[in-house]
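Dear colleague,

I am passing on the structure below, and after it you will find some notes on what turned up when I went through it. Please read them with the coordinates open beside you.

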Amino acid sequence: MAEDEDLKATVRTILDYPKPGIMFRDITTLLGNARAFRRAVDLLVHPYAGGKIDQVAGIEARGFILGGAIAHQLSAGFVPIRKKGKLPHQTVRMAYALEYGTDEMEIHVDAIRPGEKVILVDDLIATGGTAEGAVKLLRQIGAEVVAACFIIDLPDLGGADRLRAMDVPVRTLMAFGGH
């Protein structure tokens, strides 16, 4: 669809960031374009509109921007998944693998009630380590993860397939080859 190609054209590519050989897909240009931002949110929300979604969980930091907008559209709550040490209340923590190392993320222990239907949101899925850790964290506190949504998929890195192997449907709006 030509309109979706226009959406893809709003994503800036930064060569050799954060290290040589990497093509960083930057959505800040998409977010700064009101029409593109609205279109991206509408496309991510569409399959779940009218369904019962209790919470949208966003991964720090761009997942907060998208997740808040998606939660608003779905009349759902928003739950932040943050890096270790950033949440003020009692948390549950999960270590996860990054493309360039490891890190830990946290969620408040009472952020989601057992059985609540949750959509996980972030800007991009690459190797899937962060998203896989987030799904495990959400399930640990009783969430039913009904989907994971991303603007961008880097299919050559296999992250979306990792989530599908965990029985999490994945929705993406565009794909870029390479990494």
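**Salt bridges**

R93 forms a salt bridge with E106, in which the closest N and O atoms are 2.7 Å apart. Since R93 lies in strand β5 (residues 91-98) and E106 in strand β6 (residues 101-108), the pair ties together parts that are 13 residues apart in sequence. Please keep in mind throughout that this is a predicted model. R93 is partly exposed, with a relative accessible area of 42%, whereas E106 is buried, with a relative accessible area of 3%.

The count of salt bridges comes to 12, and a few others deserve a word. D54 and K52 meet through their side chains at 2.7 Å, N to O; here D54 is buried, at a relative accessible area of 19%, while K52 counts as exposed at 56%. The side chains of R164 and D161 form a salt bridge at 3.2 Å, N to O, and, being 3 residues apart in helix α6 (residues 159-165), these two are separated by about one helical turn. R164 counts as partly exposed, at 42% relative accessibility. Finally, E132, K136 and R162 are linked in a network of salt bridges.

**The nonpolar cores**

The largest nonpolar core holds 30 residues, of which L30, L74 and I151 touch the most other members. Two or more residues are given to this core by each of α2 (28-31), α3 (34-45), α4, β7 (117-125), β8 (144-153) and β9 (170-175), and the largest share, 6 residues, comes from α3. Leaving aside residues up to four places away in sequence, I151 touches I27, L30, A40, L44, L66, D122, D123, T172, L173 and M174. Another core, of 28 residues, lies apart from the largest one and has I107, A131, A134 and A143 among its members.

D123, one of the residues that I151 touches, is found in strand β7 and is buried, with a relative accessible area of 5%. The side chain of D123 makes a polar contact of 2.6 Å with the side chain of R62. With residues up to four places away in sequence not counted, D123 touches I27, R62, L66, F150, I151 and I152.

Helix α3 has 12 residues and reaches 16 Å from its first C-alpha to its last, close to the 16 Å expected at 1.5 Å a residue. Its buried residues are A36, A40, V41, L43, L44 and V45. The N-terminal end of α3 is capped by N33, a side-chain oxygen of which lies 3.1 Å from the backbone nitrogen of R35.

In the loop between α3 and β3 one finds Y48, which is buried, with a relative accessible area of 15%. Y48 touches I53, L74, I119, A147, C149 and R171, again not counting residues up to four places away in sequence. By contrast, Y48 and G85, which are 37 residues apart in sequence, are 32 Å apart in space, C-alpha to C-alpha.

The buried residues of α4 are G63, L66, G67, I70, A71 and L74; because they cover an arc of only 135° around the axis, they are placed on the same side of α4. What covers these buried residues includes α2, α3, β3, β4, β7 and β8.

**Backbone points to check**

Which residue with a positive phi follows α4? That residue is S75, whose phi is near 55° although S75 is not a glycine. S75 sits in the loop between α4 and β4 (77-83) and is exposed, with a relative accessible area of 69%. D16, likewise not a glycine, has a positive phi of about 60°; D16 is placed in the loop between β1 and β2 and counts as partly exposed, at 49% relative accessibility.

There are also cis peptide bonds to look at. One joins Y17 and P18, with omega about 5°, and P18 lies in the loop between β1 (12-15) and β2 (23-26). The peptide bond from E60 to A61 is also cis, with omega near 0°, and A61 has its place in the loop between β3 (55-59) and α4 (62-74).

With best regards

Methods:
Residues are numbered from 1 along each chain as its sequence is written. This is a predicted model: local features need pLDDT of at least 70, side-chain atom pairs count only at pLDDT 80 or more; totals for chains, interfaces and linings use all residues. Side-chain values use heavy atoms; hydrogens and water are left out. Helices (H or I, at least four residues) and strands (E, at least two) are DSSP runs, numbered from the N terminus. Buried means under 20% relative accessible area, exposed over 50%, partly exposed in between (1.4 Å probe, protein chains only). A nonpolar core is a set of buried Ala, Val, Leu, Ile, Met, Phe, Trp, Tyr and Cys residues joined through side-chain atoms within 4.5 Å. Contact means heavy atoms within 4.5 Å. The expected span of a helix is 1.5 Å times one less than its number of residues. A polar contact is a pair of N or O atoms within 3.5 Å; within protein, one must be able to donate a hydrogen and the other to accept it, and residues adjacent in sequence count only if both atoms are side-chain atoms. The arc is that of the directions from the helix axis to the C-beta atoms. A salt bridge is a side-chain nitrogen of Lys or Arg within 4 Å of a carboxyl oxygen of Asp or Glu.
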